[in-house]
2 protein chains.
Amino acid sequence: MKIDEFFSVLRSGEWLRGTGSYSDIVISSRMRLARNIKGFPFSAKISQPQKKEIISKVDSSLNQAKFSKPLFLFLMDDLNDLDRQFLMERHLVSLEHTQDPQGKAIFISKDETISILVNEEDHLRIQVIKSGFDLPLVWDVVNNIDEKMSSALDYCFSPDIGYLTSCPTNVGTGLRASVMVHLPGLIMTKRINRILELIAKLSFTARGLFGEGTQALGNFFQISNQVTLGSSELEIIENLTSIIKQLRSQEEEARADLLLKHKLNLENKIWRSFGILQNARIIDSAETLQHLSLLRLGVDLGIIKGISYDMLNALFIITQPAHLQKLHGKVLSVQMRDALRASILREKLVIT
Amino acid sequence: MKIDEFFSVLRSGEWLRGTGSYSDIVISSRMRLARNIKGFPFSAKISQPQKKEIISKVDSSLNQAKFSKPLFLFLMDDLNDLDRQFLMERHLVSLEHTQDPQGKAIFISKDETISILVNEEDHLRIQVIKSGFDLPLVWDVVNNIDEKMSSALDYCFSPDIGYLTSCPTNVGTGLRASVMVHLPGLIMTKRINRILELIAKLSFTARGLFGEGTQALGNFFQISNQVTLGSSELEIIENLTSIIKQLRSQEEEARADLLLKHKLNLENKIWRSFGILQNARIIDSAETLQHLSLLRLGVDLGIIKGISYDMLNALFIITQPAHLQKLHGKVLSVQMRDALRASILREKLVIT
C-alpha cells in the first residue's frame, strides 16, 4: 500500500483529535515497549537478511494474533524521503527510523493509534497513542498487543532484570510512558523551569515535540519516565499520572493568575497571534507552532470563539513541511513551503 | 475659545486630508517665515510685558489685514499641558512652544492651514501648511500674509542681509520650506541613507515627523532647506521642488522594484501589519506609526483595498497620546492609552 492511499493528509491521527480527558492541557497519552527477539543480534550488529527475517516473524505473529484493528506493513526503504518525514511528522516513527532506512519497517493501524517499529534501536518498539489523558487504557492496549505477540515471538528476557534491550536505559520493563502536554501558562509565568527541575528529581523527563533532543516548540512538552529498571509498569504509570495531575493543576493556576492579573496582556498576545496567522503571506514552521499554541490557549480560555480543536489540531499537523509537500503533490523549496503554509492557515482559520 | 470647541479631535487638519498632487508620497507642503519686530529685544532677552505687547500688536495687524480666513488666538499659558501637546501632535506648534509657555501665543485658522506662533524663538513664525505637493500655492499664501502684516508691523530688516532673526541659520529670507514625504520603499530597499547624504550636500536636511531632533518614525521625513541666507525664496522653492521630484521618482522606483522582485515579502509585511492593527489589544505610538505606514503603502499599491486615505490619515493623528486623552475626556496612564489606541484602531480599521 502507498502512503498516500493509507493516510488522509488533511486529517490528523486519532491521538490529535483533541478529545479525551484533560484535553485542554493534555494532548495525548502514549506508551512504547522495547522488545528483542532471541536468536538475533541486537540492531547495532544485525545483518540485512536477519532484519528481513525479523520483519517476517513479526508479520506472522500479528497474523496469528488477529487484532481487532488490522496493522498494515510499510518497509522504510520502500518509502521516499518525503514519505518517511511524513510519518515522523505524524509522530509514528522516530527520527532514527527515518535515517538509514534499510531493513527497517513499521506496522500501523488505520487510526494511527497502534504502530510497531521493527529494527529500530530494538527489534521491536510497540507503540500505542491515544488522544487525551488515559494511561490505563493505553496500557491495556499495549500490554494486550505485547502479550499476544509474545506467544509467537521468543523475547530476550531475564527473570532477574526483565526485558533486555540495546540501550541500558530501557532494560527492565522496556516501557516508556509519555504524555504530551501544552503548558503556555507555565511558560508565560516563567514557572516552567522550577517545575521541570522537580520532574527531573522524580526521574521523569520533559522532551520537545518530537521526542529526544528536540525543542519544546509551541509550548508542548512530552513528559516521560527516564528509568525502566526497578519500577513495575504500574508504578511508572502511577507516578506519571500523579505528575500530570500536578502539572495540570499548576498550569490551570498559572492561566487563572494570568487572567486575573494580566488579562489584557494575555488577550493582546493571543489576538496578535491570531491576526498574524490570518494575515501572513510567509510563515515558517516554528513561528506557526508558536502562534497556534497561543491560539489554542485563546480557545481554551474562551477568548477566541468559533475555532474548533479539530481544526486547530489538524493545522499543527498539516502545516509541517512533509505534509505541505504531500498536499501540494510535489517537493517544494523552503520559500514555497512558507508561502503555502501561510495560504493554508488563511484559508482554514476562519471563525465559524 | 476652548481647544475642545475649536478642533474636531477625530478629524485631522486640511494638511492631512491626503489630497493634492503626489499624494501617494507627499503628505504635505509647508513654509514658515521667521520675523521680528523692531523696538523689542529678541525672544531670549524679552520681558513678559513686552511679549504681551507683541501679541497685541500682532492681533491688531491681523484685524487690520482682514484675511479671508479668520485667525483665532490661543494664549499658550491659558492652555493646560494636554492642550499644548494636542497642538503639537497636530503639527501646529513646535516642541519649544509647548515648553515654558509663558507669554507665548498662537493664531490659527479653522482649517489649520495657517498658524502664527508668537514669541517662539522669533517674535513671529508665520506658518502655512497644505496637503499634497504644492509649494507655489503655499508660498503665495504665506507671502501674502507676510506682506499684509508688514504694513502694520515694523520688521527687523537689513537691506544687505535681509530679515534678522534670533538664530543665524534663519537670517536672510527667514524661510523654511519643508515637504513631508512617506518613503517606505527607500527604507525597505535600504537606499535611503545614500539619498539623505545627497540631500545634505545640497544644503537641505531630512528631519523626523515632529521636526528638528525627532526620529523618522513611520517612514516619514520632512525635507527642508538648511540655509536661509544667500538664496532667494524662489530659489529655495525651486531647489526643494526639484529634490522632491527626484525623491518621488526614486521612491516609485524602489516600490516598483519591491513589487517586481520581492512581491510576496512585501505583501507579507503589509498584511502582517494590518493583522496586528486589527487584532492588538495593547499597542504603543511607535509601533502604531510603523504599521500604519506599511498599511498606507499597501493602500498606495492596491494590495489592501477598502481603506480610505482620509481614515488612515485621521488614525495617524488620533492615535497620538494627547488626542487619545482628548477623545477619552481625561488624563490616561501609558497603559490605558496603549489599550485605548488598540481599541480605536480595531474599531476604525474596517474594510468597507
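**Aromatic pairs and symmetry**

Tutor: Phe7(B) is buried, and Phe86(B) is buried as well. Bear in mind that this is a predicted model.

Student: What is the geometry of the aromatic pair Phe7(B) and Phe86(B) form?

Tutor: Edge-to-face, with 5.3 Å centre to centre and 75° between the planes. Phe7(B) is in the loop between α1 (3-6) and β1 (26-35) of chain B, while Phe86(B) is in helix α3 (residues 81-89) of chain B, so the pair ties together parts 79 residues apart in sequence.

Student: And how do Phe157(B) and Tyr163(B) pair?

Tutor: That pair is edge-to-face, at 4.8 Å centre to centre with 65° between the planes. Phe157(B) is partly exposed, because its relative accessibility is 43%. Tyr163(B) has a relative accessible area of 17%, under the 20% cut-off, so Tyr163(B) is buried.

Student: How many aromatic pairs over all chains?

Tutor: The count is 18.

Student: Which residues form one aromatic cluster in chain A?

Tutor: Phe6(A), Phe7(A), Phe72(A), Phe74(A) and Phe86(A). The charged end of Lys326(A) sits over the ring of Phe86(A), 5.9 Å from the ring centre.

Student: What sits over the ring of Tyr22(A)?

Tutor: The charged end of Arg248(A), 3.7 Å from the centre of that ring.

Student: Switching topic: what rotation superposes chain A on chain B?

Tutor: One of 180°, with 0.0 Å of shift along its axis and an RMSD of 0.0 Å. That is the relation of a two-fold axis. Both copies use the same surface, as 100% of the contact residues of chain A recur in chain B.

Student: Which residue of chain A comes closest to the rotation axis?

Tutor: Gly275(A), whose C-alpha is at 2.2 Å.

Technical notes. Residues are numbered from 1 along each chain as its sequence is written. Chains are lettered from A and ligands numbered from 1 in the order in which they are written. This is a predicted model: local features need pLDDT of at least 70, side-chain atom pairs count only at pLDDT 80 or more; totals for chains, interfaces and linings use all residues. Side-chain values use heavy atoms; hydrogens and water are left out. Copies are superposed by least squares on the C-alpha atoms of residues with pLDDT of at least 70 in both. Contact means heavy atoms within 4.5 Å. Rings of Phe, Tyr and Trp (its six-membered ring) pair if their centres lie within 6.5 Å; planes under 30 degrees apart count as stacked, over 60 as edge-to-face and the rest as tilted. Helices (H or I, at least four residues) and strands (E, at least two) are DSSP runs, numbered from the N terminus. Buried means under 20% relative accessible area, exposed over 50%, partly exposed in between (1.4 Å probe, protein chains only). A charge sits over a ring if NZ of Lys or CZ of Arg is within 6 Å of the ring centre and within 35 degrees of the ring normal.
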